[in-house]
Amino acid sequence: MKSIRLAAVVGFWTVAFAACSNDFSIFEQSPADDGGPQTDGTLPESGSGEGGGNRDGSAQDGTLSDSAMGGDVTSGDGATNDGAGEASSGGQDSSADTMVTDSAGDAPVDSPVDSPSDAPKDSPPDAPACGVTGNACCAGATPCTSGCCDPQTSKCVGDAQNCQGTNIICSKGTCSPCGGTGNVCCSGASCTSASDCCDPTDNTCVGPALACGGTNQVCFHGACSTCGGNNRGCCLSGTACTGAGACCDSADSTCVANNTDCSTSGNLCLNGSCTKCGGSTEMCCASSQCTNGNCCQGNNTCLLAGTTCGTNEVCAAGSCQACGAAGDVCCAGNKCSGVPTDMGCCDTNGTCVANNGACASGTCENGTCCGASGEACCLTGKACANGAACVATKCP
């Protein structure tokens, strides 16, 4: 008895559950509807289940809407396209409404139109990366991935490139002064002083005659070069100059060959030392020359200018030459030759003028140029060249 009751309860709830899941719209009465038993809703009707024409005989009646005459509408009707609209519209499929009208029609409004217009507001353009050469410096302890952060522009500058300002360059991570002696070289391996050299071993500007570029090299005339040879820079250690008897000219730190003039006038390289030369009674300089118009004599000694060299000769302009006759240089003591009563005159330009000849100013009269303003009055002829009267033996 208990088993029968339990089976009845299970059967009741099974039927109730099935009823809740069925499409009850099939029970709606309309003209020509079959109005058949409940089994017509979801199960295929048997051949004898319903009487009369237009009865359903299809096994697919479970989800298809009935036509107005009670028959299933099969054209365009499918189990997957049934919707709520079929019951009231005579079984028309709602797929057009679901797929075209509702979804596809709304999509352009919701997606394509909305997204592009919002994108610039939602995602602004990416900012340029900081820390890269040419871009802004980053914040923090490492403002640039390499090179320097230029404090004048707050931009990253590559190593050995110019920073903002005059003679400022990026060196070892810092914008620093360049080109001065002891500073890093400027771009192009240059220094601000033409006599300084950019030492390639450490990219630093060094001054003249300083070690530069490696062993046995010095800064010489703006370039690091080998030292010790004639007309090269003096070496800083060991033998300053390698040539026999050569001298290191202290005036410009240059090696000078033996018996060659040093850079300072009146100095001759003699056996390794720059020695005085050219003055009166001093040894002659290179090529038998003396200074200040002095003359080199056969004993390699300089004779003072204006001194008699021989008969009617005088040392003038660095050589012994004839003197005394008109047109010659004046002899020693500014004298010109001639008979005692008919002497020529030594004019202001150092040459002799014949007696009664015209001097640069006035007239030559017996060894003296006279008659010009400020000169002695002439003893014969016109006392004064300008015709003025002589005043206290002087021409006004």
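Two bridges join strand E15 to strand E16 (residues 313-316), and the two run antiparallel. Strands here are DSSP runs of E, at least two residues long, numbered from the N terminus. Two strands pair if DSSP finds at least two bridges between them. This is a predicted model: local features need pLDDT of at least 70, side-chain atom pairs count only at pLDDT 80 or more, and totals for chains, interfaces and linings use all residues. Residues are numbered from 1 along each chain as its sequence is written, and side-chain values use heavy atoms, without hydrogens or water.

- Thr308 stands opposite Val314 in E16.
- The sheet is open, with order E15-E16-E17 and antiparallel pairing.
- E15 (308-310) and E17 (319-322) each have a single partner strand, so one side of each lacks a neighbour in the sheet.
- Neighbouring strands are turned by 45° against each other on average, direction ignored (axes are lines fitted to C-alpha atoms; angles run from 0 to 180 degrees between N-to-C directions).

**Hairpin**
- Strands E7 (residues 217-220) and E8 (residues 223-226) pair antiparallel over four bridges.
- Val218 stands opposite Ser225 in E8.
- Two residues lie between the strands, and His221 takes a positive phi near 55°.

**Second largest pocket**
- Its lining includes Asp159, Lys172, Asp202 and Thr204 (a pocket is an open set of points on a 1 Å grid over the protein atoms alone, where a 1.4 Å probe fits, with protein on both sides within 12 Å along at least five of seven lines; lining residues have an atom within 4 Å of a point).
- Strand E3 (residues 168-171) gives the most to the lining of this pocket, with three residues.
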